[in-house]
Amino acid sequence: MDSSSTIFSFSGIRVASGETREIYLKVAESFLSAAIQIPVTVIRGVRPGPTAFVMAAVHGDEINGADIVRRLIFDVEHERLSGTLIAVPVVNIPGFLAQTRYLQYHRDLNRFFPGKKDGNNAERVAHKIFTEIVQKCDFGIDLHTAASGRLNLPHVRGDMGHPKVRRLARTFGATVLVDQAGVKGSLRREATEAGVPTILFEAGETGRFSQKISMAGLRGVLQVLTEMGMWHPEDESKRPPFQVIVKGSEWIRAEKGGILDLAVKPGDLLYNGDLIGSILNPFGKTVTQIRSPCTGIVIGVTTAPLTIPGTGIIHVARLKKTLSLVERSLKKRTKRKKK
Ligand SMILES: [Zn+2]
């Protein structure tokens, strides 16, 4: 965190100000006795400033963040950066190689932070990442997508009661900010509790790149870096059409088995009683219709058409006080589209 010194050391390698270095950080070993190493790009601006991390693919199949980090490394002029940026396109190497969310033994890395030096495999990996990257930073951004079989509206998650987390979240520029500190052991919660305010950007689906989401993610990261005095942009920051902080979000679940005909998409505004979709039997007859039990905005949907009782269909963030703001903004947008 010593941003005033001219030398920054990472994994035993010194990076001088104005320098960009690609460094491998060894975090584990494979069944073939080979090192498992995380590729890390350390970008140091000429001018002093804070130190920040931007990480992706803590869940190995959530690869869209890797594209955002790639753009961050290659598509921006490093001369315009102040301070030190630690950019990590892929955190969970075993999961990334196997295209799964998990580390070996089906362990979810994002439940084991801050980790333990002599703990299980996940705790050891988490400990390395936490001590070598997170604790060297003043703040951080963790990039995710929806879990497998789901699609998310781009949104930011974090502990909005924490003033700095709230500031990072607001400047990222997403329309929906979900006020959730995160479960115990998650990177954003443990980093924030350790004094490194961290937000999570959640957008898109596993195993895919989306140009639109990559661009929104890159813009969000740069807007946060600008706010924190690390980036000097050419153009003005873009404000979202609206921005709401939501506290509660819930999954609406199927009560019947069958084939889902979904009628809503991420970003849709739903009123209590609105049709969400129908569940059909193999003959194509409607078994049941699913209606919304609340008013809110759709922040996630299933992409799998098959249901059994208990299958999560859509993820809704309830809107109360902010409902009229969202209504006004969405109506304006529909009108504009019609013209
Ligand atoms: Zn994730």
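A residue is called buried here if 20 or more other C-beta atoms lie within 10 Å of its own, exposed if 12 or fewer do, and partly exposed in between, with C-beta atoms placed from the backbone. By that count Q99 is exposed, with 12 other C-beta atoms within 10 Å, whereas S11, with 16 C-beta neighbours inside 10 Å, counts as partly exposed.

The structure is a predicted model, in which local features need pLDDT of at least 70 and side-chain atom pairs count only at pLDDT 80 or more, while totals for chains, interfaces and linings use all residues. Residues are numbered from 1 along each chain as its sequence is written.

**Backbone features in loops**

Helices (H or I, at least four residues) and strands (E, at least two) are DSSP runs, numbered from the N terminus. Q99 sits in the loop between α2 and α3, and its phi is near 50°, a positive value in a residue other than glycine. The loop between α2 (93-98) and α3 (121-132) also holds P114, which is joined to F113 by a cis peptide bond with omega of about 0°. S11, for its part, is placed in the loop between β1 (7-10) and β2 (13-16), and its phi, near 50°, is likewise positive in a residue other than glycine.

| Helix pair | Angle between axes | Distance between axes |
|---|---|---|
| α4 (163-172) and α6 (211-227) | about 130° | 8 Å |
| α1 and α6 | roughly 55° | within 9 Å |

Angles under 35 degrees count as roughly parallel, over 145 as roughly antiparallel, 65 to 115 as roughly perpendicular and the rest as oblique. The helices α4 and α6 are therefore oblique to each other, and α1 and α6 are therefore oblique as well. A crossing is left-handed if the near helix is turned anticlockwise from the far one by less than a right angle, and right-handed if clockwise; α4 passes α6 in a right-handed crossing, and the crossing of α1 and α6 is right-handed.

Residues are taken to be in contact if their C-beta atoms, placed from the backbone, lie within 7 Å. On the α1 side N64, D67, I68, R71 and L72 meet I213, S214, G217, L218 and V221 of α6. The residues of this contact divide into five nonpolar, three polar and two charged, where Ala, Val, Leu, Ile, Met, Phe, Trp, Tyr, Cys and Pro count as nonpolar, Asp, Glu, Lys and Arg as charged, and the others, Gly among them, as polar. In α4, R167, L168, T171 and F172 meet G220, Q223, V224 and E227 of α6, and the residues of that contact comprise three nonpolar, three polar and two charged.

Helix α1 (residues 64-74) has as its buried residues N64, G65, A66, D67, I68, V69 and L72. Their cover includes α6 together with the strands β5 (47-56), β6 (82-88), β7 (139-144) and β10 (198-204).

**Two domains**

The protein is divided into domain 1 (7-227) and domain 2 (248-338), with bounds that come from an automatic or database domain assignment. Their C-alpha centres lie 30 Å apart, and the contact takes ten residues from domain 1 and twelve residues from domain 2. On the side of domain 1 that touches domain 2, the elements that give two or more residues are β8 (150-158) and β9 (176-179), and the largest share, five residues, comes from β8. By class, that side of domain 1 has five nonpolar, three polar and two charged residues.

Terms used:
Axes fitted to C-alpha atoms, helices over the stretch in contact; angles between N-to-C directions. Contact = placed C-beta atoms within 7 Å.
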